[in-house]
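These questions and answers go through one structure step by step. Have the sequence and the 3D view open while reading.

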Amino acid sequence: MNEFLHFLRFSRLEYMNQGLEMSLPDELWRWILELGVNTSCLTYKDLCCISMSCRRLNRLSKEDVLWSKLLSFDFPAHVSSSTDRQSPKSIYQIRFEKDKVKKLLAERRAVLRIESRIHEHTRKLHEIEGRLVDENEKLKAAIDELKGLRRVKEASTALKVWQPEIIHSRQKQIVENCSVPVGFRINALEMEIKLCKQHISGFLRARKDENDRLEAAKERLSKVKYHPLQSFGLDDESRNSRKSTGKNLKRVKHE
Amino acid sequence: MAEFNETDQTPTVDPKTPNLGDSTTSSQPKPEQITTIDVAVPIPDVGPQLQVVVEEFILKSGSDDEEVRTAATNELRDFIEHEEIGITTLLVVVKYAHEVKNVDLLDAFCERVADLIKDKKVVEVREIFGIVNDFTPGEEQALRYEHPWAFED
């Protein structure tokens with residue numbers, strides 16, 4: 001009956017392993033924790049989790065040796081004086097929180113910087129769009145005028161041959177209504193149209209470039225916002241390099 | 001601790017959790033196992049494959065040649081990484097290594113244990129090691145208040 005109650009109380013897995021932790025003496029747990037910290041396998045987070053699992057591990061995971069090591073790994077800059085009366089774990093927590101604030105501020109600054117770049121790119125894009133519209137209008141006007149002048153040219157050529165009176169007089173009207181030197185103006189217009197088209201393709205390129213820059217900036221912004229708090233100044237490389245083969249590890253007296 | 005015969009042992013934690021299918025392993029080593037090497041303390045019953053590996057390693061780790069020792073250590077670590085060794089077995093070897101004072105063996109297996117703790121949540125750690133939560137609810141609450149800085153983000 002007792003067994004049954006026991007079984008009810010714990011999950012299967014816990015029951016299976018129940019007491020496993022108890023099978024190791026304190027010094028072996030210490031060895032495991034120290035080794036874990038020294039090889040950068042265990043982090044502050046892991047130690048905190050362990051400290052919440054049971055009383056014994058709470059005691060063992062709080063030990064100064066462990067947290068001093070973590071301090072030297074994660075916050076090497078600050079040299080602790082011998083007058084530090086706080087426990088290494090508390091010191092770690094303080095540095096951790098300070099560091100977090102610093103990172104938060106840095107992130108905010110980065111965000112503001114990128115946002116102002118985005119603003120700038122957007123403004124430039126509007127400008128280019130405006131110019132494109134203008135240039136397109138110019139182009140349209142020139143094309144229209146050119147059409148008209150070509151009609152005049154045709155009319156004046158047609159006048160040279162015999163035509164029915166109605167047509168002839170209409171053509172005469174067209175030619176007389178035109179006050180500009182046709183040939184000259186046609187050439188000028190053709191040049192203008194060419195130029196407009198060049199400008200337009202230039203603006204299109206510029207718009208694409210500016211747009212690319214805008215998109216890149218937006219991408220940077222979303223990245224900064226997604227990973228606001230990188231891990232501690234440590235790259236993964238330096239963390240991995242500490243997974244030593246055990247030669248440099250501090251030895252704990254076995255007995 | 002009462003023996004409890006389990007036939008299906010699907011772990012409820014993430015796949016890294018060792019296979020509990022060590023059918024014959026109990027948490028007490030059986031010292032009557034006779035090995036082919038004359039060791040002061042016989043290697044406990046950890047299954048035939050691991051037994052051989054540990055024996056070999058102990059042999060080689062006694063060598064004077066550093067290269068032999070290093071190679072043996074690397075081999076051992078490879079083995080540990082690729083074979084799913086049950087947590088019970090791991091701890092048995094840890095205790096054994098401690099007893100025979102073989103530091104390299106101890107380190108190799110302790111690191112594996114540390115690996116199992118890494119990145120786990122509190123409940124998961126308890127499950128893996130069968131840790132009995134001896135905190136009162138009030139104490140647990142207090143602990144949670146103590147540690148939020150470690151768990152933000």
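Q: At roughly what angle do the axes of helix α2 (residues 66-82) of chain B and helix α4 (residues 103-117) of chain B cross?
A: The model is predicted. Two packed helices are described by the angle between their axes and the distance between the axes. Here the axes of α2(B) and α4(B) come within 10 Å, and they cross at roughly 25 degrees.

Q: Which word describes α2(B) relative to α4(B): parallel or antiparallel?
A: The axes of α2(B) and α4(B) cross at roughly 25 degrees. Angles under 35 degrees count as roughly parallel. Therefore α2(B) and α4(B) are roughly parallel.

Q: How many charged residues are in the contact of α2(B) with α4(B)?
A: From α2(B), the residues Leu76(B), Arg77(B) and Ile80(B) take part, and they meet residues of α4(B) including Asp107(B), Glu111(B) and Arg112(B). By class, this contact has 5 nonpolar residues and no polar ones, and the charged residues number 4.

Q: Is the crossing of α3(B) and α4(B) left-handed or right-handed?
A: Helix α3 (residues 87-100) of chain B packs against α4(B) at an angle of about 145 degrees, with the axes 9 Å apart. α2(B) passes α4(B) in a right-handed crossing. The crossing of α3(B) and α4(B), in contrast, is left-handed.

Q: How many nonpolar residues does the contact of α3(B) with α4(B) have?
A: Among the residues of α3(B) that take part are Leu90(B), Val94(B) and Ala97(B), and on the α4(B) side they include Leu106(B), Phe109(B) and Val113(B). The contact has 1 polar and 1 charged residue, and its nonpolar residues number 13.

Q: Which element of chain A has the lowest mean pLDDT?
A: Chain A averages a pLDDT of 83, and 79% of the residues score at least 70. Among the elements of the chain, helix α3 (residues 26-38) of chain A has the highest mean, 95. The lowest mean, 47, belongs to helix α1 (residues 2-9) of chain A.

Q: How many contacts beyond near neighbours in sequence does the model have for residues 4-15 of chain A?
A: Over residues 4-15 of chain A the pLDDT is below 50. For this stretch, the contacts beyond near neighbours in sequence number 21.

Q: How many residues apart are Arg56(A) and Glu21(A)?
A: Side chains of opposite charge can pair when their charged atoms come close. Arg56(A) and Glu21(A) form a salt bridge, with the closest N and O atoms 3.1 Å apart. Arg56(A) lies in helix α5 (residues 55-61) of chain A, and Glu21(A) in the loop between α2 (12-17) and α3 of chain A. The pair links distant parts of the chain, and the separation is 35 residues.

Methods: Residues are numbered from 1 along each chain as its sequence is written. Chains are lettered from A and ligands numbered from 1 in the order in which they are written. This is a predicted model: local features need pLDDT of at least 70, side-chain atom pairs count only at pLDDT 80 or more; totals for chains, interfaces and linings use all residues. Side-chain values use heavy atoms; hydrogens and water are left out. Axes are lines fitted to C-alpha atoms, for helices over the stretch in contact, and angles run from 0 to 180 degrees between N-to-C directions. Helices (H or I, at least four residues) and strands (E, at least two) are DSSP runs, numbered from the N terminus. Angles under 35 degrees count as roughly parallel, over 145 as roughly antiparallel, 65 to 115 as roughly perpendicular and the rest as oblique. A crossing is left-handed if the near helix is turned anticlockwise from the far one by less than a right angle, and right-handed if clockwise. Contact means heavy atoms within 4.5 Å. Ala, Val, Leu, Ile, Met, Phe, Trp, Tyr, Cys and Pro count as nonpolar, Asp, Glu, Lys and Arg as charged, and the others, Gly among them, as polar. pLDDT is the predictor's confidence in each residue, from 0 to 100. A salt bridge is a side-chain nitrogen of Lys or Arg within 4 Å of a carboxyl oxygen of Asp or Glu.
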